[in-house]
Amino acid sequence: MMINKQLLPVQGCWVRHVADQSTFNFSGLYPGAIRKFDKGRVLKTKMEGEKPSALCLFKNNKKAWILISELVSGFDAGDVVQEVPSSNTQISLGAGTIQAQRTLAGSHQALVHITQTGKLLWLPFERLKKIKAVRDRYIRQETGVNNPAEHFRLRLLAQALESWNMITGALDRLDVDPLPHQIQLVHRILSSGNLNWLIADDVGLGKTIEVGLLLGALKRRGQARRVLIVAPAGLVLQWQNELKFKFDETYEIYGRDFLINDPEHWKLHEKVIVSLDKAKNENHLEQFRNSGSWDVVVFDEAHKVSRVPQGEKTERYILAEHLRKLTDGFLFLTATPHQGKTGKFAALLELVRPDLGRQLYSLDYNPEIISEVILRNKKSEVIDAAGEFIFSGHETHLVPVKPSEATKKFSKALDEYLKHGYGAGEKLGGHQGRAIGFVMTIFRKLASSSIAAIERSLKKRQMRLQGENLAQYIDVLDWDLYEGGDDQDDLDASLSLSSEQEFFPHETEILTDLIRLVTVVKEQDEKLSLFINQVLKPLVEADEKVLIFSEYRGTQDYIVEAIQQAFPEVSAPCLINGSMKLEDKLENIRRFREECQFMISTEAGGEGLNLHHNCHVMVNYDLPWNPSRLIQRIGRLYRYGQEEKVVVFNLQTQDSFDAEMLSLLLSKVNDIARDMAPIGDDFHVGLHTEILGGILEQLDLEEILEHAKNNDIKKTAKEIDAALKRAQDARQQQEEILSHAHSYDPQAMKSLLGVTVEHVAAFVRGMINELQLQILQETHDGRVITIKLPEELIGIFPEFGRRENISLCFDRKLIRDRNDLFMMDFASGFFQKLIEEAKSHEFDGQYAPVTTGTSGVIAAFLLKWQTAQGDLATEEFQVFSRVSNGEWASVDAWFSSWLTVPQNSQQPNKKESQADRVSTIKSVQEFAELQLLQRTTAFRLPNDAEELAYGDSF
């Protein structure tokens, strides 16, 4: 019994007329059927009772009304069709090519390869209408519309814009203008078909922006529904804010915005940020084990995820292992992945690419494998959109502080105190002995910071010996230096000492003398005086904002008081330190940007925060024992978005053994960096900075100074030389290994038709003209166009509301300060509508004779690759041209410029036969498939070489 079908064929559907559908199949030609007419095209349908019928146009222009029950599919394999939705709420699947047909339970269906998604779908033939293939237009030289050359340009321009955004995310709604290296990195990931990478860009190159671009592009593909970002505690709110304000994406912070008590509740949370140390905690780790699969997992500061060569795993590494099992997209972010420790480095890479395990542990023999795992951009190499180098290094000014006689006297007395303390600790030994030595080292560091910091701590120690409460003694040691650090056990040990016990005999008397001497020094502090009068005063007069770093809160308080006394006319300095909540830090950053002239930050307080807006001057009031901290400090200003040259002032005192050793170290490192940076090279300044940072990051001076208890300058200088040699070797080893990573290459994307805001503006202008929309005015050198919407379009686009006059903008900088401008990008419904219109079959532009200045053929293709499971992996918009010698090649840069210029139609060349044009089609198809093959990898398999348009070029 036949089904009483109510599905009516759409206008343009191709059908065959048979007397009895039950006898019809697609394996032969109507066996047993009574053939009345040949294939026909449906013109319209009607319902008459229970017997719907269709008016069909058959051969010889014969029309007839045929019962729907007597119609079957008239399509053939290879026909190009377009799916027509069955309701107004559905979106068309788009165009596709019929691969096969079948009859199932009385329903006639076609297997269609959908060009947009690359999927193969069985669809009812009644919802398909036949459209002319692009190649048929070219063979027959059918232009189809008025001004086909302009439609040809706009069609290709729409496809170029959409494809460029698909592979870079650069035309999504952003609050930044992506730089070439960021676009190239995102394209490298997306075009690889593999979402497992370690991104090792230098500090300040915008890894957050790269991740935001990548996630935006993946979201458009439906591949970033669930995303988890794991970051250090101090950066979670910064991640949330940057993703919200730069990419308009809302993420929740686990433990702040929500908690999970039942694994089923994870279904309610798809965009999540979590603190690394919170997630590793046993109380929360189980929840993340049961959080379900994630499309992408991102680890920021991934070098903190480590495993020693013997196989012992940290809690952070265990967390990463568990999350690795829950995703096929695993991204590590770190500027220092190697750190001179190849075993830990390989273990880190194994998390990213477990399939390369053996090869990763034999990097010495196969370093090329790094290119499959690591992407790296360096400050000395990246450029802006205009081709200018972004980072040209920073300049450092050493500000020597000559000690007074009082300072020398105090330093000598402090050295004696420290020798007694170290000796007592070594004699006592064990847990308490180590704690005494630790306290002595802290006193040395405080003395290197400021006279106020050491004065406060010595007084606290004196109070301790006088029986004051233990809680008050905690302030002797500044928490800023040790938050989350490796010295917490030593800190706890030092706090467990007996309240009345002296470290050594007569300590109380010596402390009394020290405090008397330090009070004298503080009254005439030459370091503070030089800082105020020679460093800050000229900067205040020049109205320069200044970022000041110190290592301790005691020093921070001291500097604040001095600045307020010296410059009462300026706003009170903004502060950042480790005791503050992140919200308070961010508020003070805002104040520094808008109100304050001074920002004073401690080490832990400034970690991970960006302070480069409207500030390019830094003063290091003290020099940290860990030299890599200097690079981290400079990285707060020397980063992407800094529009001025960064200037750093280092106050260097010569009042103690430790200060002398720090000065010696910096001098030696600076000499080495200068020797390694080629003289006369355009990169000299930037490369010098890069080398300087690379060596300092590898140094472990703190250990040397901690062991230098006898103030033996010659011995310590030799140890510094040895440490420098190790740091140089470690840097060289890291550079050799990472040299195989993919880095920014201006030539790498030459084969792609890159687009700019100029292309966006040219497209919108062209479409406004084709749609005959009224332009009211143009302002800001054409970066803003105000149009008048016709009545039928008012209220259609949510972003416009009920506005009639709309100001369209092509410049992100303009739109930041105005709410009456509408940015033209893929977040705009109006812009998307223009793209859809230009790509539609009805808009045409699939073939046109065009004027380019060269004679030949232009063929536009969309090359597509898929995963092993058939999901679309990536695509490339390619335009090929064939010149007089008959060879095909990707178009040169001229075509990118050609797309921005409105075109006028030309008369087609009628001299070439259809047979010759068929031959042309065959040869360019072979060339396109060759390009498809050459770019195929294990992660991306060929899907389609879609023909978009052909043009005869004159």
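In this predicted model, strand β11, which spans residues 197-199, is joined to strand β17 by two bridges, and the two strands run parallel. Within this pair, Leu198 stands opposite Ile374, a residue of β17. Both strands belong to an open sheet of seven strands, whose order is β13-β14-β12-β15-β16-β11-β17 and whose pairing is parallel. The edges of the sheet are formed by β13 (252-253) and β17 (374-375), each of which pairs on one side only.

Helices pack on this sheet. Helix α3, made up of residues 180-192, lies across β11, β16 (330-333) and β17, and its direction is at about 175° to that of β11. Helix α5 (residues 236-247) also packs on the sheet, where it touches β12 (227-231), β13, β14 (271-275) and β16, and the direction of α5 makes about 155° with that of β14.

Helix α3 is in turn packed against helix α4, which comprises residues 207-220; the axes of these two helices come within 9 Å and cross at roughly 45°. The crossing of α3 and α4 is right-handed. On the side of α3, the contact involves His181, Gln182, Leu185, Val186, Ile189 and Leu190, which meet Ile209, Glu210, Leu213, Leu214, Ala217 and Leu218 of α4. By class, the residues of this contact comprise nine that are nonpolar, two that are polar and one that is charged.

A further helix pair is formed by α2 and α26. Helix α2 covers residues 148-168 and helix α26 covers residues 757-770; the two pack at an angle of about 135°, and their axes are 10 Å apart. Since only angles over 145 degrees count as roughly antiparallel, α2 and α26 are oblique to each other. The crossing of α2 and α26 is left-handed. From α2, the residues Glu150, His151, Arg153, Leu154, Leu157, Ala158 and Leu161 take part in the contact, and they meet His759, Val760, Ala762, Phe763, Gly766, Met767 and Glu770 in α26. The residues of the contact between α2 and α26 divide into eight nonpolar, three polar and three charged.

Notes. Residues are numbered from 1 along each chain as its sequence is written. This is a predicted model: local features need pLDDT of at least 70, side-chain atom pairs count only at pLDDT 80 or more; totals for chains, interfaces and linings use all residues. Side-chain values use heavy atoms; hydrogens and water are left out. Axes are lines fitted to C-alpha atoms, for helices over the stretch in contact, and angles run from 0 to 180 degrees between N-to-C directions. Helices (H or I, at least four residues) and strands (E, at least two) are DSSP runs, numbered from the N terminus. Angles under 35 degrees count as roughly parallel, over 145 as roughly antiparallel, 65 to 115 as roughly perpendicular and the rest as oblique. A crossing is left-handed if the near helix is turned anticlockwise from the far one by less than a right angle, and right-handed if clockwise. Contact means heavy atoms within 4.5 Å. Ala, Val, Leu, Ile, Met, Phe, Trp, Tyr, Cys and Pro count as nonpolar, Asp, Glu, Lys and Arg as charged, and the others, Gly among them, as polar. Two strands pair if DSSP finds at least two bridges between them.
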